[in-house]
Amino acid sequence: MSLDSITRTIDESVGGFFEPIATWLGDVIFYAVDINGAEVPLIVAWLAIAGLVFSGWFGLIQFRKFGLALRVVRGKYDEKDAPGEVSHFQALTAAVSGTVGLGNIAGVAVAVSIGGAGATFWMIVCGLLGMATKFVEVTLGVKYREVHADGTVSGGPMHYLPKGLAERFGAGGAKLGKVLAVLASAMILFFGLFGGNLFQVNQSYAQLTAVTGGEDGLMGSSGGALLFGIVIAALVGVVLLGGIRSIASVTSRLVPAMAAIYVAACLVVIVVNITAVPAAFERIVSEAFNPQGVAGGILGALIVGFKRAAFSNEAGLGSAPIAHSAAKTRHPASEGLVALLEPFIDTVIVCTMTALTIVIANPESWGEARAGESIGGVTITSDAFGTVLPWFPYILTVAVLLFAFSTVLTWGYYGLKAWTYLFGRSRASELTFKALYTVFAVAGSLLTLQTLIDLADAVLFTLAVINIIGLYLLAPVVKRELSSFLQFVRARDRGADSGAGDAEPDPGEDATMTPTR
């Protein structure tokens, strides 16, 4: 029996078994209601409302403290010998690498095809709201992280949900928190294996195959797929063995490089069509409030934009706090401020650049997709760049490979932390997970397993429901942590001792509570 027939049999068998489960959970989690002709997924509304609530609760912190966040990530307020494993910048790039990926390339194209150019405007709005949610969850991630005897760190919803709820609500909160922690770990682990690993490898292999001659080309055979999977698995395995320090070392170089390559290509298209830029911005804004040919009108464009942004930056899903928890700091809110830059980079910058490039280039495939034809998002984005850069498919392939590889690395770390929470931190346990994760990377180049990928998406967004309830309940803790850090910043800026606690409180912040542990 050939390798192709074996993989096809596995795909069909797995799909047949899990399809009813994936369909049921997907119908529940992504349930949508019809409002004035627009299908409104309740999970998207749940995430967007959280961003709106936290933006108000913390006084538009994403705007007021944006400059401070930049100073923190540059290391201005670093403290010598602070607990943690990586710098603020490395933690940020590790987390960004888990969100910046194929969704920024293909997903955005689909969004502006369904919701029109105006979806870009609402994508930006949702990204800005998500910055506040990210601040809250990451602050909690650092506040309740576990620093082990060897200096390594574990954090994420599986730690701040049980510890935070126990601290605020006693024995009842502790019991509920433990149940939620196990569920959160299982969901992160499942998505890590299928969404953060197998899917990324599968799509990057598909793109590589497309530019090397398709099924009849160099990489089109099952042997080529296996070779690609083995190479990716080997690279991932080597980096994973080094832990978060190794991952952060790679992503701190890889993320800026891949972002620079992609944004530079966008700028080339924009500069060549510079005279069309004002009209493109005008179209984006005007169609946000007066969309053409969009089901549900303005609400339809808003929902499409919000959906793409929410799915892209993962604000509120509980994944990013795992990476950010490893930051070297004694002040949880300092990393929370760094984390709010993440949706800005992912959604406000990268997603917007993709959308703007498509709107300005206006490729034929985009018009056909707007008319209802089924055209892949990667094709539309590639065609947009191709109007100026005929050789861009090769650059896009490099970008996809870099995006996918960094995402696989970061989700490998997320999955490891979920695994060790469930099965213990022994060396044997960690090596077992790393071996399993590399096997899934090989499988990603051979198997589609679309049903399991769909199930993984539904599982991850189920976590968002649990996580955001926890964020609401623990928001007062974040308020105290922010006050404590702002006192530290004012003292540091005055040249006072870093531990001074007699600084004047920040207006509007509750400075009556004791500083963080």
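## Nonpolar surface patch

Helix α20, which spans residues 450–493, supplies the largest share of the nonpolar patch, namely 3 residues. In this predicted model, the patch covers about 300 Å² of surface and is made by Phe169, Val465, Ile469 and Leu473. Leu473 is found in helix α20, and with a relative accessible area of 32% this leucine is partly exposed.

## Salt bridges across the chain

A search of the whole structure finds 6 salt bridges, among them the pair of Lys134 and Glu342, whose closest N and O atoms are 3.1 Å apart. This pair links distant parts of the chain, since Lys134 belongs to helix α7 (residues 119–143) and Glu342 to helix α15, 208 residues apart. Both Lys134 and Glu342 are buried.

Helix α7 also takes part in a second pairing, in which the side chains of Lys143 and Glu481 meet in a salt bridge with an N to O distance of 2.9 Å. Because Lys143 lies in helix α7 and Glu481 in helix α20, the pair ties together parts that are 338 residues apart in sequence. Lys143 is buried, with a relative accessible area of 13%, and Glu481 is likewise buried, at 5%.

Asp150 counts as exposed at 53% relative accessibility, whereas Arg425, at 33%, counts as partly exposed.

The structure holds 0 disulfides. For Cys126, the closest cysteine sulfur is that of Cys351, and because the two sulfur atoms are 10 Å apart, they are too far from each other for a bond. Seen from Cys351, the closest cysteine sulfur is in turn that of Cys126. Cys126 is buried, with a relative accessible area of 6%, and Cys351 also counts as buried, at 0% relative accessibility.

## A buried serine in a loop

Ser325 lies in the loop between α13 and α14 (332–339), where this serine is buried, with a relative accessible area of 0%. A polar atom of the Ser325 side chain lies 2.5 Å from the backbone oxygen of Pro321. When residues up to four places away in sequence are not counted, Ser325 touches Gly141, Val142, Arg145, Val153, Gly155 and Gly156.

The place of Glu314 is in the loop between α12 (297–313) and α13 (320–324), and at 7% relative accessibility Glu314 counts as buried.

Asn362, which is not a glycine either, has a positive phi of about 50°. This asparagine is placed in the loop between α15 (341–361) and α16 (364–370). At 44% relative accessibility, Asn362 counts as partly exposed, whereas Glu314 counts as buried.

Note on methods. Residues numbered from 1 in each chain as written. Predicted model: local features only at pLDDT ≥ 70, side-chain atom pairs only at ≥ 80, totals over all residues. Heavy atoms only, no water. Helix = DSSP H or I, 4+ residues; strand = E, 2+ residues; numbered from the N terminus. Buried < 20%, exposed > 50% of the residue type's maximum accessible area, 1.4 Å probe, protein only. Patch = residues over 30% accessible without salt bridge, like charges linked within 9 Å, V, L, I, M, F, W, Y side chains within 5 Å. Areas by Shrake-Rupley, 256 points an atom, 1.4 Å probe, with all protein chains shown as cover. Salt bridge = Lys/Arg side-chain N within 4 Å of Asp/Glu carboxyl O. Disulfide = S-S within 2.5 Å. Polar contact = N/O pair within 3.5 Å; in protein donor to acceptor, adjacent residues only side chain to side chain. Contact = heavy atoms within 4.5 Å.
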